[in-house]
Amino acid sequence: MLSGCRGVRLRVCADGRTEALVPPVPRGRVRPGTPGRRAGAGLSGRAVNRYRGLMAPPYRCRMDDFFPPPRPRDEEPIEETGFDRVPWEGAPEDIIGGIVPLERVLARNDHLAIVATQAVAYADGVEIRLRLRARRRPGMSREEWALVSRGIWGYDDDPWQVAEAEAAAAQGRHPDGLLRFGVRFADGSVVTTVDERDDEDEWPGQRPDRPVLSLNEEGGGSSGENIDSEYALWLWPLPPPQLFELAVKWPLLGVDLTFTPLDGAEIAAAAARARPFWDD
């Protein structure tokens, strides 16, 4: 015997069904001077009638039939069309990349730090993981901190951001609030996150005839006085096994153009360690 909700007792039948056993209304002698109340019942006459109405015959029900079954669905399942990965758009999802610890501070001032934490190398490119940390320094006004927050989160529908971007476009320049990265190779060639391709609106588009560098936001959060955000840079193809430089610039938050050297040979060695998650 099991105990159900509100004192209802349950019984498991031989066939596996569960039944609710509803006890009869308690009987007893009527207390003197208290019409409608019975000794030991604890219910008024009105409550007894309500009890009887709620638990009218049949007094037992099959609990497994209480909830109606789902309606049959006539709709045909929707076939989702998958997208074949193209290597210049991002890192592969079925490969364990070789890791190179970086721990390089790319830029830092009294309210912002940008750090390259590690490089994850694959046969066809390298993903550089970034961490951005901002703080509200002592004495920073609410307006100054709001400017930092807006710059990091970069809401596309922020009227201030939109107006600033439109003004910059009219002057033929990038808005100061745009976080931008670039790579300068040993031969002097450059690729940046603000490079544009003629087929950007097409998928997958033509295979680019030059390197591609893209920036993707991975997530983040804020505690009110601090902001923590993570990004990933995807560089395609894998850079040559030579020293190259990673550049960053963010005028709105006081980051001038800064270069940090990275070892392409270490990244190439890590790419050789990349392997599938599964062997099949």
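The legends below describe close-up views of a predicted model. Local features need pLDDT of at least 70 and side-chain atom pairs count only at pLDDT 80 or more, whereas totals for chains, interfaces and linings use all residues. Residues are numbered from 1 along each chain as its sequence is written, and side-chain values use heavy atoms, with hydrogens and water left out.

View 1. H111 sits in the loop between β5 (98–108) and β6 (112–122); strands are DSSP runs of E of at least two residues and helices runs of H or I of at least four, numbered from the N terminus. With a relative accessibility of 13%, H111 counts as buried (buried is under 20% relative accessible area, exposed over 50%, partly exposed in between; 1.4 Å probe, protein chains only). Its side chain makes a polar contact with the side chain of D110 at 2.9 Å (a pair of N or O atoms within 3.5 Å; within protein, one must be able to donate a hydrogen and the other to accept it, and residues adjacent in sequence count only if both atoms are side-chain atoms). Leaving aside neighbours within four places in sequence, the contacts of H111 (heavy atoms within 4.5 Å) include R133, R137 and L253.

**View 2. The salt bridge between R137 and D110.** The side chains of these two residues meet at 3.3 Å, N to O (a salt bridge is a side-chain nitrogen of Lys or Arg within 4 Å of a carboxyl oxygen of Asp or Glu). R137 lies in the loop between β7 (125–135) and α2 (142–153) and D110 in the loop between β5 and β6, so the pair ties together parts 27 residues apart in sequence. Both R137, at 23%, and D110, at 37%, are partly exposed.

View 3. D228 forms a salt bridge with R131 (2.5 Å, N to O). Because D228 lies in strand β11 and R131 in strand β7, this pair ties together parts that are 97 residues apart in sequence. D228 also forms a salt bridge with R133, with the closest N and O atoms 3.5 Å apart. Through shared partners, R131, R133 and D228 are joined into one network. D228 is buried, with a relative accessible area of 17%, while R131 is partly exposed at 37%.

**View 4. S229 in strand β11.** S229 belongs to strand β11 (residues 226–236) and, at 0% relative accessibility, counts as buried. A polar atom of its side chain lies 3.4 Å from the backbone oxygen of G219.
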